Amino acid sequence: MTIDPEIRERHGLKPDEYERIVSFLGREPNLTELGIFSVMWSEHCSYKSSRVHLRTLPTNGPQVLQGPGENAGAIDIGEGLAAVFKIESHNHPSFIEPYQGAATGVGGIIRDIFTMGARPIALLNSLRFGPLEAPGTARLVEGVVAGIAGYGNSIGIPTVGGEIAFEPSYAGNPLVNVFCLGIARQPDLVKGIASGAGNAVYYVGAKTGRDGIHGATMASAEFDEKSAEKRPAVQVGDPFMEKLLLEACLEVMQTGALIGLQDMGAAGLTCSTTEMGSRGGAGVEIDVSLVPQREAGMTPYEIMLSESQERMLLVAKRGREAEIERVFEKWDLHAVKIGEVTHDGMLRVKDRGRVVAEVPNRALTDDAPVYRRPFSEPEYLREAHDLDLDVLGSGLAPVLPRVSTDQNRALLALLASPTVASKRWIYRQYDHMVRTNTINLPGLGAGVIRIKGTERALAMSVDGNGRYCYLDPCRGAMLAVAEAARNVACAGARPLGATNCLNFGNPERPEIMWQFASAVEGLGRACRALGVPITGGNVSLYNETDGKAIYPTPVVGVVGLLEQANRVVSRRFQGSGDAIVLFGDGHGELGGSEYLKVVCNLVRGVPPSVDLVAERALQDLIVALSDDSLIRSAHDCSDGGLAVAVSECCFDRGGMGAEISIAGTRVSNHDWLNDAAALFGESASRVVVSVTPDALASVLERAAVMKVPARVIGQTGGNRLRMAVDGRMVIEHSVDDAERMWSTAVGQYFARRVA
Amino acid sequence: MRFGVVVFPGSNCDEDAVHAVRHVFTQEADYLWHKDPDLKGADVVILPGGFAHGDYLRVGAMARFSPIMAAVRAFADRGGPVLGICNGFQILLEAGMLRGAMLRNRTLKYRCEHVHLRVEVTDTPFTCAVRAGQVLRIPIGHGEGNYYAPPEELERLETNRQVVLRYTDPTGRVGDDSTDEWNPNGSVHAIAAVCNAARNVVGMMPHPERACEPLLGGEDGRAIFESIIEWFRAAERSTLPPAVGQATEPAGEPVAGL
C-alpha cells in the first residue's frame with residue numbers, strides 16, 4: 001500500500017514531516033510505520049511545539065531525586081523516602097465521554113506513579129467547565145465527577161482536594177487535570193528503561209482491543225461539530241484490573257528481578273516500547289501476534305496503536321522470569337513474553353515472525369520534530385486591559401447590568417458564585433479518607449496526608465486562574481505557582497516541588513503561542529523564586545472548539561513537607577476571642593477579579609501584581625509560625641479577596657463569627673467601589689491567620705523580623721460576620737445565613753436532576 | 001489477641017484495619033489471602049472495605065465464592081466473632097451470613113462523609129463496651145449502602161434486636177426514612193449495622209477504622225475495636241469459651257433479585 005497525501009493527512013502529519021520520515025527510513029514507510037510515526041510525533045507525545053519553552057523551566061534542586069523525563073518526578077522528603085507525583089490532563093476524552101474520559105485520566109496518572117515504584121496514596125484534580133447554569137454543563141460535571149469517583153474510589157486512593165472553576169471559555173472544552181502522589185523508599189525507585197540485550201520484554205494486564213486507536217492524535221487536534229464521532233477513540237477504564245496491576249507490580253518490584261517498567265498510556269504499545277528502548281539506549285523487538293487480544297483479526301497497525309487501558313510493559317532480568325510470572329499469577333494476571341531487548345536501537349515489530357515495522361528509536365523520540373513556532377501578542381489584550389474604575393463607578397459605562405453598591409449583597413453573591421462556593425457536593429462523592437492518612441479534609445485548604453511510620457505529612461495543592469492568564473499569562477502563571485505554594489504553606493508545610501499541566505489552544509496560532517511562551521516564563525520565574533522546581537508535568541494544546549480557544553490555563557501542583565504531622569493547620573478559626581491577623585498588604589486590585597466578574601459582569605484589567613520576594617518571605621513566615629504552633633488557622637486570600645477569606649474561615653465551625661475592621665483603598669472617585677476594592681480586591685501574597693491573645697505579640701514580632709507586613713484586623717467570636725471599612729460597618733450577616741448560601745450554591749444546580 | 005483481616009484482590013481498607021489493630025490498639029493482626037482457606041488462628045475475623053472483585057456484578061456477589069469464605073463461615077458457626085465493614089458487610093449479606101440486601105444509595109451517588117450513629121444493642125462482641133443509645137460519629141464511604149429487607153424480615157430483625165447501629169442526627173434522633181437528611185443512603189429503618197441471630201456476626205457500613213486517631217478528625221470508631229478487645233478480656237476472665245451463642249441463623253439465601 002502506498003501512502004498518498006490523504007492517508008498522510010488523516011494521520012495528522014504535515015508534508016515536511018512526511019519527508020522527514022522518508023529520509024530517516026531511507027524509503028517510504030508502510031502503513032504500520034506511518035501509524036507509529038503519527039502517534040509518536042503527535043503534539044501529545046512529542047511536545048514538538050512546547051519543548052523549546054519547557055527547557056527553560058527550573059528542574060533542579062538538592063531535593064529533586066527525579067526531574068522531568070521519567071513517568072513522574074520525585075523529591076526527597078527525608079527518612080529515606082521519596083514523594084513521586086505528577087499532574088496530567090484528560091481534557092479531550094472527557095468532553096467526548098465525560099465518565100470514561102475522566103475515569104481513564106485517573107487510571108493513567110495512577111499508573112505513572114506506581115510505575116516509578118511508589119505506592120499511590122493521594123489524588124487531586126483541577127477541573128474547568130462552562131457556566132453551571134448553561135445547558136449541558138451540569139451533565140458534564142456529573143459525568144466527570146462520577147468518573148473520577150468511580151475509578152479512584154474503587155482502586156482505593158483518596159481524592160484529598162482539588163479546585164474547580166466555571167468560565168464561559170471552557171463551555172466547549174472542559175479541562176480535566178488529575179494529580180497523583182505516591183510514596184516510595186528511595187532505593188526502590190524504578191525507571192522505565194529497557195536494557196541488556198536478550199532480556200525478555202513482558203506484557204501484562206488487560207487485553208488489547210480496538211479502543212482508543214489514535215487517542216494521542218485526537219488529543220492533538222481541535223474540536224468541531226464532528227467531535228462526537230471520535231467517541232470510539234475514548235477508552236473504557238477498569239479500576240479493578242488496575243488495582244490488580246498496582247498490587248502485582250509493587251510486589252514484583254520487591255523481587256529485584258525487574259529491569260524496567262512502563263505503563264501503556266497514550267500511543268499504547270508503540271510509545272512504551274519506544275520510550276523504554278530509548279531511555280535504556282537499546283532497541284526493542286516484539287511480535288504482535290503474542291500480544292493478548294480482545295478481538296479477532298486485529299492488524300499489527302491496530303495492535304501497535306491501541307490505547308486499551310490497564311496494560312503494562314516490563315523488562316525482566318534474564319534467568320529470573322519465573323519469579324515475575326509467579327507474582328502475576330498470584331493476582332490472576334498473566335504476564336506474557338512478547339519480545340526482547342536488542343542492542344541495535346531499533347523498534348522492530350514482527351507479526352508471526354515476519355517484520356512488519358522497523359524504525360530507529362531515535363527517529364521517534366530524540367529526533368522527532370521540534371518547532372519554534374512564531375508568536376505575537378494577541379490583539380484582545382489592549383481592550384481587555386482597559387479598566388477605568390471612575391467610569392465603572394459612575395454607572396455610565398455600557399456594561400453594568402448588575403452592579404450592586406451594597407457590599408452585603410456583593411459578599412453573598414460572591415459566596416454563591418460556584419467558583420468560590422463550597423464544593424462539598426463534589427468532594428463527598430470522592431472517597432477522601434481511604435488509607436486513613438487524610439488529616440486535612442477536602443474544603444479545608446491544601447490536601448494533607450500523614451506518612452505512616454513517620455511523624456511527617458505531605459501537603460499538596462493544585463491551583464490556576466485562567467482569567468488572570470487570559471489577561472496576563474506571565475503574571476497569571478506566577479500567581480498560580482504562588483497560590484499553590486501559599487496553600488501548601490498555609491497547611492504548615494514547606495513547599496518542595498511542583499508539577500504543571502499546561503492547557504492552551506492551538507499552538508499554530510501565534511497569539512496562542514505567545515500566551516504559552518509568556519506563561520512558561522512566568523512559571524519559571526515563580527518556581528525559581530519560591531524554591532519549587534518543576535519535576536514533571538504535561539502539556540495539553542489544541543483546546544479549542546470551532547476556532548475558539550479556552551483561557552490559557554496553566555495549572556500548578558505544589559507538594560510540601562510538614563515535619564510534624566500534628567502541627568497541621570486548616571483554614572477554620574478555632575475558638576472565639578482569637579486575634580485575626582492579616583499578613584501582606586492589600587492594594588485594592590480588582591483587575592480580573594471574581595468581584596468584577598460576578599458583580600459587574602466584567603473580565604477586564606490586569607491581574608494583581610506579585611512580588612516574589614515578599615511572597616517567599618510570607619510563606620517562610622507561615623511555615624515557621626506553624627512549626628512553633630503559634631497560629632491556630634491560616635487561609636490565603638484569593639478569589640473574592642479578604643472578605644471571602646474571612647468568611648470561609650468561619651464556615652464549618654458551627655456558626656462562630658468574626659468582626660474585622662480595615663482601611664479603605666482609594667482606587668476611584670466612588671466610595672462604594674473603594675470599599676469593594678478593600679473587601680474584594682485580590683492582591684496577592686496575603687494570608688489571614690488567627691492567633692490566641694497570648695501568642696499575638698510573638699507572632700507580630702516574628703512577622704516584623706521576616707519583613708512581612710502584619711496587622712491585627714479583628715477578632716473571632718459571636719455568631720455574626722461583621723466587616724467595617726474606615727470605621728463604617730458595611731457588611732453584617734449571621735454566619736449561618738452566609739454559610740447556607742455558600743454551602744448550597746453548587747448543589748442546587750444538580751438537585752432537580754436526582755430522581 | 002489475633003485479628004485476621006481478609007484480603008480480596010480488590011479490598012482497599014485491609015491495610016487501614018490492620019494499621020488500627022496493630023498501631024492504635026497494639027494487638028496482633030494477620031492478612032488472610034482470600035484464596036487461602038486458613039484463618040491463621042485468628043480470634044476475630046474482619047472483612048474489610050473495598051471492591052472485592054471489582055463489584056461490577058452485584059457488590060460482594062463473587063467474594064462469597066472465594067475459598068476463605070468457607071473457613072469464615074465455619075468460624076462464625078462455631079461462634080467466632082466476625083465483623084464486616086462496608087464491602088465486608090455487603091459480602092456477608094451475599095454470603096447469607098446476615099439477612100437483607102444493599103441497594104444503590106438513594107441519591108445514586110457515592111457518598112463519603114462523617115455520619116452520626118446511635119448504638120442500638122450492646123450485647124454483640126463489637127458494641128459491648130458502648131452505652132446503649134450512645135451516638136458515635138464515624139465516616140462512611142460507599143455507593144451501595146442502602147440497606148433493604150422485606151417487611152417480614154425487618155420485623156424479625158427488630159423483634160430479635162438485630163439492628164446494631166442506626167443513622168441519626170447528632171442528638172441520636174432517627175428521622176423518617178424517605179426524607180431524613182441524616183440517613184445518608186436511604187436505608188430502611190435507618191439501619192447502618194445488623195448482626196445475625198447468634199449476635200457474633202456484625203456487618204456495618206460505616207468505617208470505624210477511619211475514626212481511631214485524633215489526627216484523622218475523630219476517635220469514635222475506637223468503641224468498636226475496644227468492644228471486641230474488652231469482650232475477649234471478659235471471656236478470658238470468666239474462662240468461658242469466647243462464644244456469644246450458637247449460630248441459629250437459618251441457612252438463608254441472599255434476598256434474590258436485588
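## Sheet of chain A

Ala82(A) stands opposite Ala184(A), a residue of strand 6 of chain A. The model discussed here is predicted. Strand 3 and strand 6 (residues 175-185) of chain A are antiparallel and share nine bridges. Both belong to an open sheet of six strands in chain A, with the order 1-2-3-6-4-5 and mixed pairing. At the edges stand strand 1 and strand 5 (159-166) of chain A; each has a single partner strand, so one side of each has no neighbour in the sheet. On average, neighbouring strands of this sheet are turned by 20° against each other, direction ignored.

## Hairpins of chain A

Strand 1 (residues 64-66) and strand 2 (residues 73-76) of chain A pair antiparallel through two bridges. Val64(A) has Ile75(A) in strand 2 of chain A as its bridge partner. Six residues lie between the two strands of this hairpin, in which Gly69(A) takes a positive phi near 120°.

Strand 2 of chain A also runs antiparallel to strand 3 (residues 81-89) of chain A, and four bridges join them. Here Gly73(A) is the bridge partner of Phe85(A) in strand 3 of chain A. Four residues separate the strands of this second hairpin, where Gly78(A) has a positive phi near 85°.

## Helices of chain A

Helix 7 (residues 98-114) of chain A lies across strand 3, strand 4 (119-129) and strand 6 of chain A, and runs at about 25° to strand 6. Helix 8 (residues 137-155) of chain A lies across strand 4, strand 5 and strand 6 of chain A, at about 175° to strand 4.

Why is helix 3 (residues 31-40) of chain A described as largely enclosed by the rest of the structure? Nine of its 10 residues are buried, so the description follows from that count. Among the buried residues of helix 3 of chain A are Leu34(A), Ile36(A), Phe37(A) and Met40(A), together with Glu33(A).

## Contact between chains A and B

Chain B contributes 24 residues to the contact and chain A contributes 26 residues. On the side of chain B that touches chain A, helix 1 (14-24), strand 6 (111-119) and strand 7 (135-142) of chain B each supply at least two residues. Strand 6 of chain B gives the most, with three residues. By class, this side of chain B has nine nonpolar, nine polar and six charged residues.

## Arg237 of chain B

Arg237(B) is part of helix 5 (residues 222-238) of chain B. Arg237(B) counts as exposed because it has 8 C-beta neighbours inside 10 Å, the limit for exposed being 12 or fewer. Its C-alpha atom is separated by 28 Å from that of Glu213(B), 24 residues apart along the chain.

Conventions
Residues numbered from 1 in each chain as written. Chains lettered and ligands numbered in written order. Predicted model: local features only at pLDDT ≥ 70, side-chain atom pairs only at ≥ 80, totals over all residues. Contact = placed C-beta atoms within 7 Å. Nonpolar A, V, L, I, M, F, W, Y, C, P; charged D, E, K, R; others polar. Pairing = 2+ DSSP bridges. Buried ≥ 20, exposed ≤ 12 C-beta atoms within 10 Å, placed from the backbone. Axes fitted to C-alpha atoms, helices over the stretch in contact; angles between N-to-C directions.
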